[in-house]
Amino acid sequence: MEFLAKKSNGSWFGLLLGIVIFGFFIWGINYSLGPEDLALAIMLYIPVYLFIGIFVVLLWGAFTLKYICDEDQLIINWGFIKAKIPWNEIETIEKIEGKVNYYSILGMSWPGFIAGLYSARGLGYIKMYGSDNSTGFLLLRTNLGLYGLTPESPELARIIASRAGKTIDIVDMNDLPPEKKGIDLHADNFYKLLLQINVVFISLYGLYLLIFFPGSGAPRFIILLLILAVALFFFTLGNAARLYQFSTTGGYVMLMVGIAVTGIFFILSLSEIHL
């Protein structure tokens, strides 16, 4: 029997996001650098194409995700990966409800998609293979590790419980004590403020170049500064959230660094573009 993940637009959203971001990176590097900058261009193209390769794998997983119950095991079909969990290896089945405080160890997520290894405070280290996890997910604790699923049909949980000979436990994250749940960065107003400032700075910088760079006579190299600022933003976004779980101050500092660097690039562009 095959079961699909919860319906979401995560796959198509990711495809559109990837085309826009990576398309902009490739165009920007090509536009900013000439033949005399070949060495620098190669150094920039290598990580871009490396991340494109990783992103393609993630997208393929998002489009092909399904959960298969056969006679002996549960199979998670995710792109090129087929994670097999024999029924006798399953220890507990938990339906997770409420807001989960987790961060990526080796994974990636965007609206409607989550995959990879995550640390969920109060639950453990979980291999996530899902789509929309905003309303909770199904957690399998096995001898092979913890697996997080987001099936569209609740029937999957009942079949797994029946074949594994287990019951389904309900875990409401809102009932966990604060020391187990950890600090939720989404409830931290100062963190959210710093994140919003990052977004505003990037947006204003991009809008400024869009309006005033064409025909200004400024060097094309300025476009490369915007590319670096955007790349730094995504790097900061992921690592600030991860660092925040160990040190709130560290998360703040990471976001402040992103603001400072974007501000410096903005000032450099102002000095080159004469209105």
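A residue is called buried under 20% relative accessible area, exposed over 50%, and partly exposed in between (1.4 Å probe, protein chains only). By this scale Ile 105 is partly exposed, with a relative accessible area of 36%. The model is predicted: local features need pLDDT of at least 70, side-chain atom pairs count only at pLDDT 80 or more, and totals for chains, interfaces and linings use all residues. Residues are numbered from 1 along each chain as its sequence is written, and side-chain values use heavy atoms, without hydrogens and water.

Ile 105 sits in strand β6 (residues 102–110). Helices (H or I, at least four residues) and strands (E, at least two) are DSSP runs, numbered from the N terminus. Beyond its neighbours within four places in sequence, Ile 105 is in contact (heavy atoms within 4.5 Å) with Leu 117, Tyr 118, Ser 119 and Tyr 125. Ser 216 lies 111 residues away from Ile 105 in sequence and 44 Å away in space, C-alpha to C-alpha.

Strand β6 also packs against buried residues of α2, as do α1, β2 (66–69), β3 (73–78), β7 (113–120) and α6 (221–244). The buried residues of α2 include Leu 44, Val 48, Ile 52, Phe 55 and Ala 62.
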